Amino acid sequence: MTGVIVAGPIGAVVGGAIGTAMAANIAKNVVSLNDLLEETPPGKRREVLQLFQESFKEEFVDTIQNNPELKLLMGGASIFGVMRYMVDKELIQNDQLERLDGILRKVV
């Protein structure tokens with residue numbers, strides 16, 4: 001997303017290529033659900049599928065709940081609103097760090 005804002009369409013292409021390469025590298029040793037179900041005895045397939053669905057749902061919910069930017073997007077905020085939030089958050093964190101540095105300089 002940052003690549004699009006900084007470099008426009010070229011940034012989007014480069015970011016997409018990098019993301020795809022990273023995903024392909026991560027997925028090298030991953031077994032597909034279909035392969036797993038084919039190797040599972042028929043009586044256990046429903047249990048494997050339920051475990052997969054529960055873990056996927058849990059991971060998805062955790063990702064949304066732990067990421068304020070995704071919460072904003074899922075809540076209907078525009079991409080510009082999310083970017084504004086991210087910039088404001090960064091400015092606040094920098095201001096807090098500068099204040100902390102000032103306090104520590106006085107103490108030390």
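**Figure 1. Arg99 and Asp95 meet in a salt bridge.** With a relative accessibility of 53%, Arg99 counts as exposed; buried means under 20% relative accessible area, exposed over 50%, and partly exposed in between (1.4 Å probe, protein chains only). The model is predicted, so local features need pLDDT of at least 70 and side-chain atom pairs count only at pLDDT 80 or more, while totals for chains, interfaces and linings use all residues. Residues are numbered from 1 along each chain as its sequence is written, and side-chain values use heavy atoms, with hydrogens and water left out. What does Arg99 pair with in this view? Its partner is Asp95, and the N to O distance is 2.6 Å. A salt bridge here is a side-chain nitrogen of Lys or Arg within 4 Å of a carboxyl oxygen of Asp or Glu. Asp95 is partly exposed, at 33% relative accessibility. Arg99 and Asp95 are four residues apart in helix H5, so about one helical turn separates them.

**Figure 2. Asp88 and Arg84 form another salt bridge.** How many salt bridges does the count come to? The count is two. For Asp88 and Arg84, the closest N and O atoms are 3.1 Å apart. Both residues lie in helix H5 (residues 79-107), four residues apart, or about one turn of the helix. Arg84 is exposed, with a relative accessible area of 55%, whereas Asp88 is partly exposed at 29%.

**Figure 3. Phe52 and Phe56 form a stacked aromatic pair.** How many aromatic pairs does a search of the whole structure find? The search finds one. The ring centres of Phe52 and Phe56 are 6.2 Å apart, and the planes are 20° from each other. To read those numbers, note that rings of Phe, Tyr and Trp (its six-membered ring) pair if their centres lie within 6.5 Å; planes under 30 degrees apart count as stacked, over 60 as edge-to-face and the rest as tilted. Phe52 and Phe56 sit four residues apart in helix H3, which means about one helical turn lies between them.

**Figure 4. Glu54, Glu58, Glu59 and Asp62 make up a negative surface patch.** Asp62 belongs to helix H3 (residues 45-65). Asp62 is partly exposed, having a relative accessible area of 34%. Patches take residues with over 30% relative accessible area and no salt bridge, joining like charges within 9 Å and nonpolar side chains (Val, Leu, Ile, Met, Phe, Trp, Tyr) within 5 Å. Asp and Glu count as negative, with the charge placed at CG of Asp or CD of Glu.

**Figure 5. Ile18, Met22 and Ile26 form a nonpolar patch on the surface.** Together the three residues have about 340 Å² of accessible area, from the Shrake-Rupley method with a 1.4 Å probe. Where does Met22 lie? Met22 is in helix H1 (residues 2-26).

**Figure 6. Asn34 and Leu36 are shown with Leu49.** Asn34 is exposed, at a relative accessible area of 54%, and Leu36 is partly exposed at 39%. From Asn34 to Leu49 there are 15 residues in sequence and 9.9 Å in space, C-alpha to C-alpha. Leu36 and Leu49 are 13 residues apart in sequence, and their C-alpha atoms are 9.6 Å apart.

Figure 7. Along the sequence, the pattern reads α-α-α-α-α. Helices (H or I, at least four residues) and strands (E, at least two) are DSSP runs, numbered from the N terminus. What share of the 108 residues counts as buried? The answer is 8%.
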